[in-house]
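Please open the structure in a viewer and follow the stops below in order.

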Amino acid sequence: MSKKLEPYIKEILVKNYGKDWKKIYENSTLIQYLNLKSGAIHGNSKSRRSFANWYAIYSILHFYKEHGFINNKRDYLNFSGFNYSELFSFQRQQYGGSKLQNHALNNRLNTEFVDKMHGDKAKPVIINQQGKYLIHPDYIYTNGKDIVPTILEIIKKYQQILYDKDHNFEAKLTELISETKLDDQKRKIIELLTENTEARVFELISYSILETHYKNKHVFIGFSREDIEKEALKLYKTGRTNANDGGIDFVMRPLGRFFQVTEVGNYDKYFLDIDKINKYPITFVVKTNKSAEEVTKELMEYGTDKSGGLKALEKAYHDAVEDVITINELKKWTNELNEKDVKFLIQELNRYYHLEMNLL
């Protein structure tokens with residue numbers, strides 16, 4: 001699977017290998033794989049950060065370097081492997097790695113590598129020998145060179161880019177928290193709502209706005225006429241951003257509405273989410289400046305095309321698009337909030353950011 005080479009990886013390759021950088025890249029499927037897994041640095045898709053796979057490689061190669069195996073192939077070929085406990089502990093200490101499980105070390109990375117890089121199943125990247133782990137030497141040596149120092153540099157740079165992206169938002173959040181004027185608070189919130197906002201950040205902001213907006217809305221509900229009571233709408237996050245939760249980012253009580261945060265440009269992903277939950281109606285929160293009407297129209301047309309002409313399926317797809325909310329609505333609803341609500345919104349945004357960053 002080909003992907004345009006990330007500038008940060010090219011810069012590292014050129015620095016380390018000069019005019020031979022391209023040959024190294026073209027002959028290293030491991031570096032190509034890391035390039036493929038770098039999508040999260042752009043913030044233009046809801047791609048996962050894939051820390052598990054990055055850190056599975058990182059942990060083994062970190063100890064490879066620490067044990068003096070760089071350019072020491074003979075000793076490495078006679079080595080039985082690194083203990084799982086020290087590798088797992090190292091992963092958990094890395095930025096964004098405190099909640100990682102053991103799946104990447106145990107087959108998940110190897111399976112994905114074979115799938116995406118058309119690799120050889122008989123030559124896995126990570127070799128598991130009865131609980132001891134190694135990187136296959138064929139991925140360590142390229143054109144006769146030990147490329148581990150370069151791979152470590154690439155991984156650390158990826159880590160740093162994501163850290164800087166997260167803490168850029170943290171700086172803006174700190175400014176927002178310290179702001180005391182209502183109009184300036186609203187302005188700073190609205191400035192965070194752009195098509196270029198990093199996907200995880202957009203999900204946190206949109207949730208905080210929607211939670212605040214809906215808590216002021218009420219319905220009357222009960223099991224009988226005598227039991228009917230007034231109840232505020234409550235929005236709940238279903239988990240961390242980018243969670244593999246079947247297309248459900250937020251759930252509303254007591255109406256049972258599902259919300260999915262997404263982007264314009266990949267409507268197939270929308271309908272994949274719809275199919276995952278058996279065409280249960282979804283409200284799409286879309287990171288776009290397009291109007292909600294325009295996005296809805298495009299979704300209806302896409303559903304019609306996807307149905308293949310089957311009217312029952314077309315209706316099911318159309319009915320599954322319950323509502324569309326775009327940046328325009330989020331800005332409008334932010335401007336409508338009073339001082340108390342804005343204070344609540346900022347507190348929620350701060351709370352969920354710290355939860356997302358494992359700071360709580």
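Which residues in α3 meet which residues in α7? Thr29, Leu30, Gln32, Tyr33 and Leu36 in α3 meet Leu109, Glu112, Phe113, Lys116 and Met117 in α7, where contact means heavy atoms within 4.5 Å.

Before going on, note that this is a predicted model, in which local features need pLDDT of at least 70, side-chain atom pairs count only at pLDDT 80 or more, and totals for chains, interfaces and linings use all residues. Residues are numbered from 1 along each chain as its sequence is written, and side-chain values use heavy atoms, with hydrogens and water left out.

Now display helix α3 (residues 29-36) together with helix α7 (residues 104-117): their axes come within 11 Å and cross at roughly 95°. That makes α3 roughly perpendicular to α7 (angles of 65 to 115 degrees count as such).

Next, select helix α12 (residues 267-276) and α13, whose axes come within 10 Å and cross at roughly 70°. This angle makes α12 roughly perpendicular to α13. From α12, the contact involves Tyr267, Asp268, Tyr270, Phe271 and Asp275; from α13, Val295, Glu298, Leu299, Tyr302, Gly303 and Lys306 take part.

Finally, select helix α15 (residues 327-335), where Ile327, Glu329, Leu330, Trp333 and Thr334 are buried (under 20% relative accessible area, 1.4 Å probe, protein chains only). Seen down the axis of α15, the buried residues fall within an arc of 160°, so they line one face of the helix; the arc is that of the directions from the helix axis to the C-beta atoms.

How values were computed. Axes are lines fitted to C-alpha atoms, for helices over the stretch in contact, and angles run from 0 to 180 degrees between N-to-C directions. Helices (H or I, at least four residues) and strands (E, at least two) are DSSP runs, numbered from the N terminus. Angles under 35 degrees count as roughly parallel, over 145 as roughly antiparallel, 65 to 115 as roughly perpendicular and the rest as oblique. Buried means under 20% relative accessible area, exposed over 50%, partly exposed in between (1.4 Å probe, protein chains only).
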